[in-house]
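Please read these notes with the structure open beside you, and take the points in order.

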Amino acid sequence: MSWGTELWDQFDNLEKHTQCGIDILEKYIKFVKERTEIELSYAKQLRNLSKKYQPKKNSKEEEEYRYTACKAFLSTLNEMNDYAGQHEVISENMTSQIIVELARYVQELKQERKSHFHDGRKAQQHIETCWKQLESSKRRFERDCKEADRAQQYFEKMDADINVTKADVEKARQQAQMRHQMAEDSKADYSSFLQKFNHEQHEYYHTHLPNIFQKIQEMEERRIVRVGESMKTYAEVDRQVIPIIGKCLDEIVKAANSIDQKNDSQLVIEAYKSGFEPPGDVEFEDYTQPMKRTVSDNSLSNSRGEGKPELKFGGKSKGKLWPFIKKNKGATPEDFSNLPPEQRRKKLQQKVDELNKEIQKEMDQRDAITKMKDVYLKNPQMGDPASLDHKLAEVSQNIEKLRLEAQKFEAWLAEVEGRLPARGDQARRQSGMYDAQNPATVNNCAQDRESSPDGSYTEEQSQESEVKVLATDFDDEFDDEEPLPAIGTCKALYTFEGQNEGTISVVEGETLYVIEEDKGDGWTRIRRSEDEEGYVPTSYVEVYLDKNAKGAKTYI
């Protein structure tokens with residue numbers, strides 16, 4: 001099955017067919033290009049969607065994400081961001097593996113096709129030239145034969161005429177002989193051109209043209225195979241991201257399975273529990289005698305002692321009890337004394353934890369500066385040790401300020417925790433008993449409360465009889481912190497012996513992960529493995545930060 005033998009007379013149709021093949025290839029390239037644009041657009045929309053529903057930092061909305069259902073939703077948003085990254089990978093791979101490669105191949109294909117058909121036209125022109133030469137020699141032979149016949153007839157006529165001189169007859173005879181010779185020469189030329197044309201025609205239809213058509217056939221078959229390979233690549237690019245997309249979906253399912261309604265309910269209790277006990281029964285109001293009211297254990301409505309008027313429930317105030325406390329619209333006190341006991345304790349604990357973290361951060365910075373100073377002392381060419389004294393003194397002052405601040409909040413926290421029974425103690429106590437036992441503490445924490453005209457309590461009232469419980473397991477949330485993610489890699493330029501606490505030894509030429517940049521103290525935090533990390537001098541390593549995280553999940 002060869003185009004050279006089967007399609008020897010279809011030169012023009014083959015030219016049209018191969019052009020159509022190139023058009024189809026270019027159309028396929030355009031199709032893949034539009035697919036990559038769709039993938040990029042889809043990925044961008046997914047990222048924007050994920051970003052749109054992310055909780056705003058330092059907002060009340062962010063506080064809601066401590067519940068398992070909200071955490072699952074946040075995990076879904078993060079997984080969708082990774083999901084979008086895989087569509088970007090699809091776009092990139094299709095561009096590099098299909099569009100770029102096929103575009104270059106199309107240019108090569110056009111050049112090859114142009115060369116083959118140029119050779120075909122050249123062969124056509126050559127055979128047409130031979131045919132024209134044959135036709136020209138044939139017409140000349142025909143013309144010379146007719147001229148020889150006419151010259152022979154004229155000679156015979158002159159020879160038969162007795163009135164013609166002998167010289168005229170001789171002249172006619174010579175003219176006839178010359179014409180006859182010219183006809184013989186034309187005959188020889190025609191025969192020669194005929195043999196040449198037949199040879200060229202045989203070569204054209206049995207050698208040159210089949211070879212050219214065979215090359216065109218091979219070119220077209222390569223194009224067809226290339227299209228098929230590109231289609232396989234098109235499917236394979238999609239198939240390569242399926243495992244990662246599957247992991248994203250598995251993580252979403254895992255997050256959904258982690259939702260614990262009981263835990264969320266307990267978190268609601270911990271978030272909004274005031275620490276107060278509900279009020280007791282209201283006694284029958286006998287208008288013939290002064291009204292009395294049973295005070296419940298640990299309730300807010302306790303006796304204020306001598307000289308303070310009893311609470312009256314009458315008129316518009318009837319039915320309004322202490323849980324409906326008016327909100328103070330003023331600034332929040334530093335010791336959170338405006339909050340119910342349990343909430344106040346949590347806020348103070350949170351503040352203490354934050355201050356301890358800041359203290360630890362400053363201490364780490366002080367240690368880093370001290371280490372750098374030691375390095376400068378051992379290697380004066382790296383820097384002046386005295387230049388770090390001012391920074392070291394400044395950090396020490398910050399640590400002292402933070403410690404004083406932490407002590408202040410720890411004192412308030414100890415005061416709150418010391419005033420209330422431990423968790424699990426179900427014994428009900430009257431808030432009046434607490435006031436009697438701790439009058440000084442109450443007076444220090446809040447001002448005397450007064451009942452409002454409608455029988456409700458203001459915030460000053462709630463402050464005096466706050467009921468607190470011992471510290472919760474609030475710190476448990478921070479016990480299992482995940483390791484910091486890698487933000488790049490680094491290569492050790494020199495060998496460093498990490499002998500001090502917090503440092504890590506490296507060998508020249510070793511490659512490690514960077515998990516924290518140099519913050520101006522001359523030290524970079526790196527990791528060799530999950531359990532081996534520390535600081536090295538920044539001048540000892542060459543850092544390569546990762547600025548192109550494209551959605552693929554990185555597990556370190």
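Which residues form a nonpolar patch on the surface? The points below begin with that.

1. **The surface patch.** Leu49, Tyr53 and Phe73 form this nonpolar patch, and together they have about 280 Å² of accessible area. A patch is made of residues with over 30% relative accessible area and no salt bridge, where like charges are joined within 9 Å and nonpolar side chains (Val, Leu, Ile, Met, Phe, Trp, Tyr) within 5 Å. Accessible areas come from the Shrake-Rupley method with a 1.4 Å probe, and for residues only the protein chains shown count as cover. Tyr53 sits in the loop between helix H2 (11–52) and helix H3 (60–63), and its relative accessible area of 40% makes it partly exposed. Here buried means under 20% relative accessible area and exposed means over 50%, with partly exposed in between (1.4 Å probe, protein chains only).

2. **What kind of model this is.** This is a predicted model, in which local features need pLDDT of at least 70 and side-chain atom pairs count only at pLDDT 80 or more, while totals for chains, interfaces and linings use all residues. Residues are numbered from 1 along each chain as its sequence is written, and side-chain values use heavy atoms, with hydrogens and water left out.

3. **Salt bridges around Arg35.** A salt bridge is a side-chain nitrogen of Lys or Arg within 4 Å of a carboxyl oxygen of Asp or Glu, and by this rule the count comes to 22 salt bridges. One of them joins the side chains of Glu39 and Arg35 at 2.7 Å, N to O; both residues lie in helix H2, four residues apart, which is about one turn of the helix. Arg35 also meets Asp238 in a salt bridge, at 3.0 Å from N to O. That pair links distant parts of the chain, with Asp238 in helix H5 (residues 166–257) and Arg35 in helix H2, 203 residues apart. Glu39 is buried, at a relative accessible area of 7%, and Arg35 is buried too, at 15%, whereas Asp238 counts as partly exposed at 23%.

4. **A link between two helices.** Arg222 and Glu112 meet through their side chains in a salt bridge of 2.4 Å, N to O. This pair also links distant parts of the chain, since Arg222 is in helix H5 and Glu112 in helix H4 (residues 68–160), 110 residues apart. Arg222 counts as partly exposed at 39% relative accessibility, and Glu112 as partly exposed at 24%.

5. **The sheet.** Five strands form an open sheet in the order E4-E3-E2-E1-E5, with antiparallel pairing. The edge strands, each pairing on one side only, are strand E4 (532–537) and strand E5 (541–545). Helices (H or I, at least four residues) and strands (E, at least two) are DSSP runs, numbered from the N terminus, and two strands pair if DSSP finds at least two bridges between them. Strand E1 (residues 488–492) is joined to E2 by four bridges, and Thr489 stands opposite Tyr513 in E2. Three bridges join strand E2 (residues 511–516) to strand E3 (residues 523–529). E2 and E3 form a hairpin with six residues between them, and Gly520 in the turn has a positive phi of about 100°.

6. **Two residues of E2.** Is Val514 buried or exposed? Val514, which lies in strand E2, is buried, with a relative accessible area of 0%. Its bridge partner in E3 is Ile526, and the C-alpha atoms of the two, twelve residues apart along the chain, are separated by 4.5 Å. Contact means heavy atoms within 4.5 Å; leaving aside residues up to four places away in sequence, Val514 touches residues including Pro485, Cys490, Ile526 and Val543. Glu516 is also placed in strand E2 and counts as buried, at 18% relative accessibility. With the exclusion of residues up to four places away in sequence, Glu516 touches Leu484, Ile487, Thr524, Arg525 and Tyr535. Glu516, Arg525, Arg527 and Glu533 are linked in a network of salt bridges.
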